[in-house]
Amino acid sequence: MSKHKELIIGMFGFGVVGEGLYKVLQQTPSLKARIKKVCIKHPDKKRSAPSELFTTDKDEILNDKEINVVVEVIDDANAAFEIVKTALKNKKEAVSSSKKMIAEHLQELLDLQQKTGRSFLYESSACASIPVIRNLEEYYDNDLLHSIRAYCNGSTNFILTKMFDENLGFKEALLLAQQLGFAESNPKLDVEGFDAVNKWTLLLNHAYGIVTSPDTILFNGIQNVTKSDAAVAKSRGQQIKLVAQAKKLVLGGVGAFVLPQFVTAESPLAFVKNEYNGVVIESGFADQQFFYGKGAGSFPTASAVLSDISALRYGYKYEYKKLYHHTPHVINDDIYLKVYVSFNQLSDIPKEDFEWIEQWHAQEDRKYLSGVIALKKLKEGSWWKENGTSLILEPDPIIENIEERRLKKKSLELAGLH
Ligand code: HSE
């Protein structure tokens, strides 16, 4: 797209993000971007824009030769994919915020971008206002990117904050997250970790060149976290949060998962509350870096969409450097995890699946243990999400050198120190 061309936008969706973008664009005339048409599903809804702006016919946008940018901010992943696919094929640039769609169609979308040569940008789809995709894409060499840890779902952070810092009940906190426009229309996607793992899938591509689908990544949400888990966290001076994590392994590949985790008071993530997201990056020479910003909500998400639109003015495209210009990584599930598990009945816990169990707290009302288990064992079974069982990772949970750890543990036991 030439430098000074006006951006004529056709937008799909006028919900929390779409309306936010409409307002934000009105306040940024310097961008030289104009929304020509907005395609919506329910024409009878009252909206804060002139009625002639709206249509229910997608082709009015997709076949309009004057429209050179299609912005898609709907929450139907299948329809979103069709829109983006047609837009790119019709030689339009595309901007999307549909993390589920992008995560589920990653390979096809990569192929489409290569084939059509068009830009497809989606900064708003992960961590909303934090420019995490462009930073991963532009700044870090994959060899130097040791690890990333993030809160990438605003609603779960909001709910956990309200429940454990402000004593609200789960339902009340969720309702508030919905009212404020943070939650997905199906809030199960937030609460049970689907939204976070979708975002993690697409971020792993920009971080490490990994092309995978969300169902290959070990994940869970916060649905099983109990008040007694929060009390254990408090007694340790920690908090429980939904943490997406990826780490380059010494044994090759990348360990990746999205699970509730204890977060220590020293972690930069300890300060990230409510709908805010945070990303901690450990890299070769820079050491630790921390990104912080609103991870959900109308204007924070619209601001990232706006930034993508603005980037189109200078022809910006993701180059997928880690995928195309480096040797891409793959996910390596051959790791062990330090876990805390609280449960109702001992019979719900397959003790034989653990490498070792360090502590039993079987006398408490709510029983719990801490131990080490292979990530693969968790992938094989689902006991750890059933019968009210709650699995939470310990801080710094990854063990790679299990043999060495076993030997060390044995020698400590022999010396009577363990
Ligand atoms: N439901 C999402 C969240 C919205 O809570 O993070 C932003 O992607």
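**A tour from the ligand to the sheet**

Begin by selecting Asp190: an N or O atom in its side chain lies 2.7 Å from a nitrogen atom of the ligand, a polar contact, that is, a pair of N or O atoms within 3.5 Å. The protein covers 93% of the 250 Å² of accessible area that the ligand has on its own, computed by the Shrake-Rupley method with a 1.4 Å probe.

The model is predicted, with local features requiring pLDDT of at least 70 and side-chain atom pairs pLDDT 80 or more, while totals for chains, interfaces and linings use all residues. Residues are numbered from 1 along each chain as its sequence is written, and side-chain values use heavy atoms, without hydrogens or water.

Next, select Lys99, where a polar side-chain atom is 2.7 Å from an oxygen atom of the ligand. At Gly154, a polar backbone atom is 2.7 Å from an oxygen atom of the ligand.

Now display the residues around the ligand, among them Asn153, Phe182, Glu184 and Lys199; each has a heavy atom within 4 Å of the ligand. Then colour α7 (154-166) and α10 (194-208), each of which supplies at least two residues of this shell. Helices are DSSP runs (H or I) of at least four residues and strands are runs (E) of at least two, numbered from the N terminus.

Turn to the open sheet, in which six parallel strands follow the order β3-β2-β1-β4-β5-β6; strands pair if DSSP finds at least two bridges between them. Its edge strands are β3 (54-55) and β6 (120-121), each pairing on one side only. Finally, select β1 (residues 7-12) and β4 (residues 69-72), which pair over four bridges; Ile9 stands opposite Val69 in β4.

Note on methods
Polar contact = N/O pair within 3.5 Å; in protein donor to acceptor, adjacent residues only side chain to side chain.
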